[in-house]
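The sequence and structure come first.

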Amino acid sequence: MMSANNSVDLLEDGAFASSKNSWNRYYHNSVVQPLLTDLYQITMAYAYWKSGKIDDHAVFDLFFRSNPFHGEFTIFAGLEECLKFMENFHYSETDIQYLKHALPQGIEEEFFEYLGQLTAKDITLYAIKEGSVAFPRVPLIKVAGPLIIAQLLETTLLTLVNYASLMATNAARYRMVAGRHINLLEFGLRRAQGPDGGLSASKYAYIGGFDGTSNVLAGKLFNIPVKGTHAHAYITSFTGIEELKTRVLAHKETGDKRDLLELAIQHRIQLSKILDISTSESSEGELAAMVSFAIAFPDGFMALVDTYDVKRYSAFRLHSLGYLPVLQGDDTNENDDAASATSPPEATDATGAENEGDTAVDDDGGLSNGNGMSTENGNGNEDDEMTPLPMCANCEANARNARGCVVRHLKSVGKCFRSGLLNFCAVALALNDQGYRAVGIRIDSGDLAYLSCLSRETFERISERFKLPWFSKLTIVASNDINEETILSLNEQGHKIDCFGIGTHLVTCQRQPALGCVYKMVEINTQPRIKLSQDVGKVTMPGNKNVFRLYGADGHALIDLLQRVDESPPEVGQKVLCRHPFQESKRAYVIPTHVEALYDVYWADGRVTQAMPSLDEVRDRVQNSLKTLRQDHKRTLNPTPYKVAVSDNLYNFIHDLWLQNAPIGELS
């Protein structure tokens, strides 16, 4: 696996990496500016201004109502970008000129002069630490200051927090199911929602626990390790060994030059006997491509091994030949790639000769024979008949067992990964002769659990045969539309994968595309405000509040407690009455062993007031914060909800205000 970044250094495994460049943390996305907002924010600002509310003081809470992905925790992210936005909040002359045309006619010129002078210097912003676990109804950010500017911040703060927190949470869930010993790489740029979505996905996937990204610009901007291999296109760009223009590689230590292709061919002959794979089953074009890539990156040689399936019998053809029963409602194998990643042994064409056709597996799982022609049996002719597979002695004695025999063959021939695995191992051994160590393989299709176990067994066998201990530990990377459920299933199957490359499901958050943070006014001129709704879940908790996290004797977080700002904080060892905000009978006493105040002031007097952590520090905080939760809060199936409560004082305050503002009906 190769990795790269801004200033490049060579790692022990042949990968590339860079030293940390502190200037990257000051990168500001120029798209994030005051006009990145909804029109109604500016029309409300004018109405406020027209109504003489310039000096009104408001408090807004930014929070979410439910956790994403059917889980019971959320990772708060996006705070640093919010602070950069506050630092750069200013309407430029061109912004003002645009607003004069975009807003309705009749707006007074003095309002535009007011906007031109507006900054965030009078705002105070409170927040929980970025990378912390957070829960519904607990404000992630609290904004206090002049009403107009506080209102104008709403949409931009929401767009900076919503996706960032959703993405970090999604990544953290992948990290939990994969385990600490598995590397996770984000490969989602090509599937992300545009370039900004791609950059944000890379950044917050790293915060959530991923180890690197394929996104080179994200690596430069955020100092994230950049890693990648090559595509199937590189393999299919070679059709034969005669295309190799460079074949010589100097020994890493002695400098002695040898023909790497010759070495690879010699090792392939040896391996064909050891692994019981015929050399005729390996693609010459694939071997040439791997030799070429190894010469280019001798210390970072990692190769795709599933480009070619030299002898492939599709499930559909086996059905048509009568060897496999057609399941009702399913006339093809649902996992066709997995079933056909290996081929029946000794397959012959109609003349009895071995079928020599190479079949490339396209990125979308389709087939092409190198000439753009669809093929079933590898020779480019769908109508050609294939001779039924030879039966074992038992099957010949009992024809009724023929189908079972073929099924067993389909499973047993998996002992070789055919072309890709044979060629990779041959080139890896050739590199070893010249003083280099290969990195590993990537599998992009098929039955990932089965093929990873097969690959590991092959590496271990070669390691023992050639007395090369490191060979057994070659890295196995798996990609191919992996999601959280896929990893859980692979865990159950005992896979041997070292690294997952995850794209679409990660960056698009397919299980839940939005977090749903909201921004609600809770106080104006020291007067509390409450939003009422027939849906209790949408009723806001009024007033300026503080939040504390109470811990139990086992060190785990027990409950988050919201209080009015004029209340005394809870104390260690002192009994605290915690109440459900809306259900009177739900209440409990808690005696905390540790009390954590969740809010810090991050912006005041026109400047950032806290030393901002690095991306790696935020990343560490995510994992440390998750450790404070009990396992039942974090499990993927039916997790226990974490409790969020209000103090007795706040409970009574909420319900008194509710009664004061709720209309009284009249019966007639």
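## An open sheet and the helix across it

Strand β24 (residues 576-579) and strand β29 (residues 643-647) run antiparallel and are joined by 2 bridges. Strands are DSSP runs of E with at least two residues, helices are runs of H or I with at least four residues, and both are numbered from the N terminus. Two strands count as paired if DSSP finds at least two bridges between them.

The model is predicted, so local features need pLDDT of at least 70 and side-chain atom pairs count only at pLDDT 80 or more, while totals for chains, interfaces and linings use all residues. Residues are numbered from 1 along each chain as its sequence is written, and side-chain values use heavy atoms, with hydrogens and water left out.

The two strands belong to an open sheet of 6 strands with mixed pairing, in the order β25-β24-β29-β23-β22-β26. β25 (587-590) and β26 (594-597) are at the edges with a single partner strand each, so one side of each has no neighbour in the sheet. From one strand to the next the twist averages 35°. Helix α22 (residues 648-661) lies across β22 (545-551), β23 (557-564), β24 and β29, and runs at about 80° to β29. For such angles, axes are lines fitted to C-alpha atoms, for helices over the stretch in contact, and the angle runs from 0 to 180 degrees between N-to-C directions. Contact means heavy atoms within 4.5 Å.

## Strand β6 and its two partners

Strands of a sheet pair through backbone hydrogen bonds, either parallel or antiparallel. The two pairings of β6 (residues 124-127) are listed below.

| Partner of β6 | Sense | Bridges | Bridge partners |
|---|---|---|---|
| β8 (residues 141-146) | antiparallel | 4 bridges | L125 and V143 |
| β27 (residues 600-604) | antiparallel | 3 bridges | Y126 and V601 |

Buried means under 20% relative accessible area, exposed means over 50%, and partly exposed lies in between (1.4 Å probe, protein chains only).

Helix α7 (residues 194-208) has 15 residues and spans 21 Å from its first C-alpha to its last, close to the 21 Å expected at 1.5 Å a residue. The expected span is 1.5 Å times one less than the number of residues. The helix is mostly covered, with 11 of its 15 residues buried; among them are K203, Y204 and I207. Just after α7, G209 has a positive phi of about 130°.

Two packed helices are described by the angle between their axes and the distance between the axes. For helix α11 (residues 284-296) and helix α16 (residues 418-433), the angle is about 35° and the axes are 10 Å apart. Their crossing is right-handed, that is, the near helix is turned clockwise from the far one by less than a right angle. On the α11 side the contact involves E286, L287, M290, V291 and A294, which meet S419, G420, N423, F424, V427 and L431 of α16. By class, this contact has 7 nonpolar, 3 polar and 1 charged residues. Ala, Val, Leu, Ile, Met, Phe, Trp, Tyr, Cys and Pro count as nonpolar, Asp, Glu, Lys and Arg as charged, and the others, Gly among them, as polar.

Most residues other than glycine have a negative phi, and most peptide bonds are trans. N480, which is not a glycine, has a positive phi of about 95°. N480 sits in the loop between β18 (475-478) and α18 (484-492) and is partly exposed, at a relative accessible area of 34%. C509 also has a positive phi, near 45°, and lies in the loop between α19 (504-507) and β20 (518-524). C509 counts as buried, at 1% relative accessibility.

E484 is part of helix α18 and is buried, with a relative accessible area of 3%. Leaving aside neighbours within four places in sequence, E484 is in contact with R173, Y174, V177, R511 and T636. The C-alpha atoms of E484 and L506 are 8.8 Å apart, with the two residues 22 residues apart along the chain.

## The whole protein

The secondary structure comes to 22 helices and 29 strands. Of the 668 residues, 54% are buried. Among contacts between residues at least 6 apart in sequence, 73% join residues at least 24 apart.
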